[in-house]
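The sequence and the model come first.

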Amino acid sequence: MRRAIHLLEEVDFRPMNSRRPLEYLTWLTRYKREDESRAEPALTSGMSIRSREIDLVGAFYAVGITGHPQFKAVTLWDCHGGWDGGWRQMMDIYQGVDERLFLSDIDDLRFSAFSRPLGAAPGCPPLGEAPAAEFYLFESARVRPGAALDYLEAVRTERAPLLAEHGHTLTGLYEVLFCDTEAVTMWAVSLDDHLATQRARDAALGLDDEVRPDPRLLDWGRRARGYLEGPWRETLLAPFPGSRLARGARPGRRRLRRQP
């Protein structure tokens, strides 16, 4: 079985116009729904590559109060067929720098975009089976050079069972590709479970005497520092209505997948 390849993109909007992320996410989810029934990929004028193998699985509005710059949209893509499938299709459009490469339909809507190519780590759940949820927890960890896969294995075997007891479902264990110092994880979670987890951690620190503490949450933090070398951050993402990971999405859509 070949490795799953994905793309995570963070898009911000300046000046701070709150309508711009709404317009962007509405435009994006609408045209990608149309692509689900597309038979063959095509390079189009104004909308770049149109393909069902470049699959928008997650479209999120970043919850700014958890540490994101405001305003931001985050998207998570599945490259069906891995390197030789959706990833090749994305790379092909750069050959010759065809003018159709550029997303002219949304000129001046975005201020900037930053993409992370992601490779699934061993034991990573299939992205096509990720559940719809109220929120997604997005972790970005700066690890020691070469330690990304070791860190992700520790997350899978140690942290994932712990957070499962606190209502978190692990959906992604990713090595950030073309560098050797970053790992990304994704978790589906409800608001109630997110808040209860924070309170259990506070209680373990002696800062909340109204709930039961879980000192294992602190133990994991100490354990994780053995792999980390720089910034570590967790923030929340809200699935955008109409996207596949939003609650109330059309049943069965998230399992739609073409085999290479």
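Buried here means under 20% relative accessible area, exposed means over 50%, and partly exposed is in between (1.4 Å probe, protein chains only). By that scale, F178 is exposed at 67% relative accessibility, while W83 is partly exposed at 36%.

This is a predicted model, in which local features need pLDDT of at least 70, side-chain atom pairs count only at pLDDT 80 or more, and totals for chains, interfaces and linings use all residues. Residues are numbered from 1 along each chain as its sequence is written, and side-chain values use heavy atoms, with hydrogens and water left out.

Rings of Phe, Tyr and Trp (its six-membered ring) pair if their centres lie within 6.5 Å; planes under 30 degrees apart are stacked, over 60 edge-to-face, and the rest tilted. This rule gives 9 aromatic pairs, including these:

| Pair | Centre to centre | Angle between planes | Class |
|---|---|---|---|
| W83 and F178 | 6.2 Å | 50° | tilted |
| Y151 and Y227 | 5.9 Å | 65° | edge-to-face |

W83 sits in the loop between strand 5 (72-79) and helix 2 (86-92), and F178 in the loop between strand 8 (169-176) and strand 9 (182-189), so their pair ties together parts 95 residues apart in sequence. Helices (H or I, at least four residues) and strands (E, at least two) are DSSP runs, numbered from the N terminus. Y151 and Y227 are both buried. Ring pairs also link F13, Y24, W27 and Y31 into a cluster.
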